[in-house]
Amino acid sequence: MPSDSKKPADWFVSTKEMTKEALKLSFQMNRQYTLSKDQYTSTMHDNFMALSMAVRDRIVERWIKTQQGYHKKNVRRVYYLSMEFLIGRLMGNNIYNLGIEKQATDALDDLGLDMETVREQEVDAGLGNGGLGRLAACFLDSMASLGVPAHGYGIRYDYGIFNQKIKDGFQVELPDEWLRTGNPWEFERPENTVTIRFYGSTQADKDSGAKVRHKWINTQDVLAVPYDFPVAGYKNDVVNTLRLWSARGTEEFDFDYFKSGDYEQAVYKKILSENISKVLYPSDDKSQGKELRLKQEYFFTAASMADILRRYKSENPDLNDLPKRVVIQLNDTHPTLGIVELMRLLLDEYGFEWETAWDITTKVFAYTNHTLMPEALECWGIDLFEKLLPRHMQIIYDINANFLRSVALRYPGDNDRLRRMSIIEEGYPKKVRMAYLAIVGSSFVNGVSKLHSDLLQEKLFKDFYEIYPEKFNNKTNGITQRRWLLKANPRLSTLLMEKLGDGWVMDLNKLEQLNTLQSNKAFRERWIDIKKQNKESLVKYIKSSMNINLDPESIFDVQIKRIHEYKRQMLFAFYIIAQYLRLKQSPKEFIYPRTFMIGGKAAPSYTMAKLTIKFINSIADVINHDKSVNDKIRLVFLENYRVSLAEKVFPASDLSEQISTAGTEASGTGNMKFMMNGALTIGTLDGANIEIAQAVGDENIFIFGLKAPEVEALKQKGYDPKQYIDKNPMLKEIFKLIHSGFFSPHDLKLFAPIVQSLEQYDPYLVCADFESYCQTQDAVSKMYLNKEEWTKKSIINVAQSGYFSSDRTIREYAKDIWNIPVKQ
């Protein structure tokens with residue numbers, strides 16, 4: 001309880017202080033006066049809330065000062081628009097960035113509470129599906145830590161990425177109720193609510209100057225209510241803002257229906273409106289799902305455009321100067337409607353002429369592409385677009401007409417080029433190509449790894465690169481070391497602080513000093529011991545959560561990422577089966593025990609990915625219950641993979657599986673997290689794996705498989721997976737086992753779709769790369785036998801991870817795209 005001698009003024013003063021005593025007082029006051037609890041009635045969740053509020057109090061003061069400084073200086077700002085922000089748990093990150101980890105821990109100790117127990121009360125904010133959302137979260141951290149004036153914009157989903165349960169080996173999706181017990185980190189800002197319009201029709205009128213002006217009329221309206229999250233930089237008193245929009249009905253209920261007793265109809269419009277921000281990525285295999293998804297994209301981009309202009313106009317009267325103060329970064333194609341919405345505002349609301357409005361718009365936007373696969377590029381049917389956003393469809397037609405006119409002038413008579421480059425894809429149904437719209441409407445277009453950016457220019461967007469070479473550049477992704485090393489791996493961080501100081505927390509290149517220590521035997525022994533402790537911690541967690549016993553002395557061989565065919569979980573699964581067969585048939589050839597771990601979620605409507613999860617769990621059932629092999633190999637599917645679980649897995653991993661088909665992965669960031677925590681990579685020359693290999697040297701990474709040009713050449717030649725199956729006895733045996741129902745005795749045909757796909761099509765060349773993969777895995781096992789050499793390679797991987805900090809990425813964005821100065 002707070003001391004009676006403490007007055008409210010004492011509490012207020014203490015919110016500015018970072019001492020143990022000040023935190024203790026703030027914790028007690030928040031628990032008593034905000035939560036109305038004491039040490040006897042409070043739950044552990046109450047204690048989490050009280051500590052979060054104590055930390056939040058210290059952030060808020062810096063937040064207000066930061067925003068005041070931006071306004072007073074009228075700084076140029078970057079607005080980062082993303083459908084996903086996979087921010088995970090925030091308390092630990094905020095404590096570390098404020099520099100009060102020891103003080104907070106000691107304060108809880110004095111109160112008889114354990115920091116780790118309190119931290120575990122926080123629910124992951126799963127507002128993303130994977131790498132895209134986690135990248136956005138890392139970028140927010142780096143922008144704040146580097147002092148970049150930035151604002152994130154997204155959607156405050158009531159239910160984030162689903163909670164995954166494994167039942168009888170199958171994925172079952174449960175709602176992610178991350179807001180059920182309250183969220184201490186958000187602040188509702190109803191005064192900045194924006195009205196968003198849908199449907200209706202357009203009307204053309206002439207203004208007083210006899211110029212045609214368009215009106216969007218008879219619309220159905222929804223309210224976008226903002227919630228602000230503070231984003232604290234690392235020990236620099238900078239706090240930026242993540243603003244997430246929540247949908248509300250314009251009316252709580254229809255009183256006429258209510259009076260007549262039709263209570264469901266009375267709230268129907270409210271429920272329909274609020275569905276927009278209800279769930280992350282509604283299933284789009286039905287028309288209603290597609291419509292809701294497009295609504296979501298327009299909802300948050302339109303609200304964000306209105307908010308950006310409101311903020312700009314509070315300090316700048318002339319919208320002609322918008323590009324001097326505003327840059328808007330589109331994180332993939334989902335926010336591309338922002339381009340069209342800004343055009344609509346400038347044309348219809350502010351009366352700009354087309355040429356001026358287009359010049360302003362194209363100078364403001366920049367676009368990051370995140371995929372190499374044409375089928376993954378977002379397209380929307382014209383019929384849906386015209387129904388939902390009629391005015392925007394008109395503007396897109398005009399953008400396309402002007403663009404194609406310029407192409408025709410440059411390439412007279414090349415009608416095939418016009419067809420290829422048109423923002424409107426002809427056919428049935430006609431579609432809007434959102435990536436093409438983003439390219440045409442942006443000043444810069446970037447890929448997220450060297451290979452990815454090269455392939456964008458040489459293949460996917462070759463026509464556009466020929467016209468706009470100055471737009472295209474590369475910005476290899478990165479991750480924040482403050483989350484993925486300092487916080488996630490405290491044992492290793494402590495060793496790094498002891499040997500190198502704390503400079504690496506803000507300049508990860510300083511880890512290169514480790515190269516001089518990798519030959520030091522005593523240092524290597526410390527390194528080995530830390531990895532062992534991290535593995536034992538993960539073993540304990542898996543035992544408590546899954547009741548599975550694992551051997552910490554085995555190689556922890558891990559693939560954790562979204563379940564998708566191109567990421568080739570099937571290749572990993574086939575290797576695991578091969579190891580099982582080797583143990584059964586030729587046990588003397590087995591080299592070293594392994595624990596295989598696979599984790600990730602499959603999209604609810606992605607049948608093949610969900611069947612892959614079942615297949616993996618069926619393999620695990622066989623291996624883990626076979627006493628003749630389960631002391632040598634074990635397979636674990638990590639249920640409900642999420643940020644907080646990832647923070648346990650990366651520090652404990654020995655081998656990182658980055659085995660996508662070459663030319664399919666844009667970058668990957670999981671590879672960087674493994675590397676930064678001392679795992680070695682086995683992978684193809686795909687995405688950022690190439691740059692990791694360049695950083696560590698070929699001798700410190702395990703590369704296998706076809707290269708991207710070889711993949712393309714093989715497909716053009718005519719790839720027949722059966723040729724590879726027939727000439728590889730092990731692969732042939734694996735397919736025979738699956739055909740026989742060995743892994744599905746109760747349903748012999750359960751995995752027939754997997755077999756059929758791989759034998760007849762194998763679109764991601766699992767069979768073609770299998771032999772090379774297995775040979776390289778043998779090299780891994782043999783290398784692990786030499787613990788001294790393995791440890792040297794582990795140290796080198798961490799030492800060379802500096803390039804893969806998101807701080808480096810953000811510096812490049814700020815210099816090359818945003819034109820915003822960053823302190824060195």
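Colleague: Why does Asn74 count as buried?

Modeller: Asn74 has a relative accessibility of 17%, and buried means under 20% relative accessible area, with exposed over 50% and partly exposed in between (1.4 Å probe, protein chains only), so Asn74 falls on the buried side. Bear in mind that this is a predicted model, in which local features need pLDDT of at least 70 and side-chain atom pairs count only at pLDDT 80 or more, while totals for chains, interfaces and linings use all residues. Residues are numbered from 1 along each chain as its sequence is written, and side-chain values use heavy atoms, with hydrogens and water left out.

Colleague: What makes the phi of Asn74 worth noting?

Modeller: Most residues other than glycine have a negative phi. Asn74 is not a glycine, yet its phi is positive, at about 50°. Asn74 sits in the loop between H3 and strand S1 (77-81), where helices (H or I, at least four residues) and strands (E, at least two) are DSSP runs, numbered from the N terminus. Leu765 also has a positive phi, near 60°, and is likewise a residue other than glycine; Leu765 is found in the loop between helix H32 (752-760) and H33, and with a relative accessibility of 0% it counts as buried.

Colleague: What is the relative accessible area of Gly200, and which class does that give?

Modeller: The value is 33%, so Gly200 is partly exposed. Gly200 lies in the loop between strand S8 (194-198) and strand S9 (201-206), and, leaving aside neighbours within four places in sequence, Gly200 is in contact (heavy atoms within 4.5 Å) with Trp216, Ile217, Asn218, Thr219 and Pro390. The C-alpha atoms of Gly200 and Leu388 are 7.8 Å from each other, although 188 residues separate the two along the chain.

Colleague: How do you know whether Phe674 is buried or exposed?

Modeller: Its relative accessibility is 1%, and Phe674 therefore counts as buried. Phe674 belongs to helix H27 (residues 670-676), and beyond four places in sequence its contacts are Val558, Ile560, Phe650, Ser653, Ser656, Gln658 and Ala679.

Colleague: Why are the buried residues of H5 said to line one face of the helix?

Modeller: In helix H5 (residues 101-110) the buried residues are Ala104, Thr105, Ala107 and Leu108. Viewed down the helix axis, they fall within an arc of 160° (taken over the directions from the axis to the C-beta atoms), so one face of H5 is lined by them. These residues pack against helix H2 (20-34), helix H3 (44-73), helix H4 (91-98) and helix H6 (115-119).

Colleague: What makes H22 roughly antiparallel to H23?

Modeller: Helix H22 (residues 490-500) and helix H23 (residues 521-546) pack at an angle of about 160°, with their axes 9 Å apart; axes are lines fitted to C-alpha atoms, for helices over the stretch in contact, and angles run from 0 to 180 degrees between N-to-C directions. Angles under 35 degrees count as roughly parallel, over 145 as roughly antiparallel, 65 to 115 as roughly perpendicular and the rest as oblique, so H22 is roughly antiparallel to H23. The residues of this contact divide into 5 nonpolar, 3 polar and 4 charged, where Ala, Val, Leu, Ile, Met, Phe, Trp, Tyr, Cys and Pro count as nonpolar, Asp, Glu, Lys and Arg as charged, and the others, Gly among them, as polar.

Colleague: Why are H24 and H31 called roughly perpendicular?

Modeller: Helix H24 (residues 569-585) and helix H31 (residues 729-740) pack at about 100°, with axes 10 Å apart, and they are therefore roughly perpendicular to each other. In their contact, Phe574, Ile577, Ala578, Leu581, Arg582 and Gln585 of H24 meet Met730, Leu731, Glu733, Ile734, Phe735, Leu737 and Ile738 of H31, which divide into 10 nonpolar, 1 polar and 2 charged residues.

Colleague: At what angle do H33 and H34 pack?

Modeller: Helix H33 (residues 766-785) and helix H34 (residues 787-799) pack at about 110°, with their axes 5 Å apart, which makes H33 roughly perpendicular to H34. Val780, Met783, Tyr784 and Leu785 in H33 meet Lys787, Glu789, Trp790 and Lys793 in H34.
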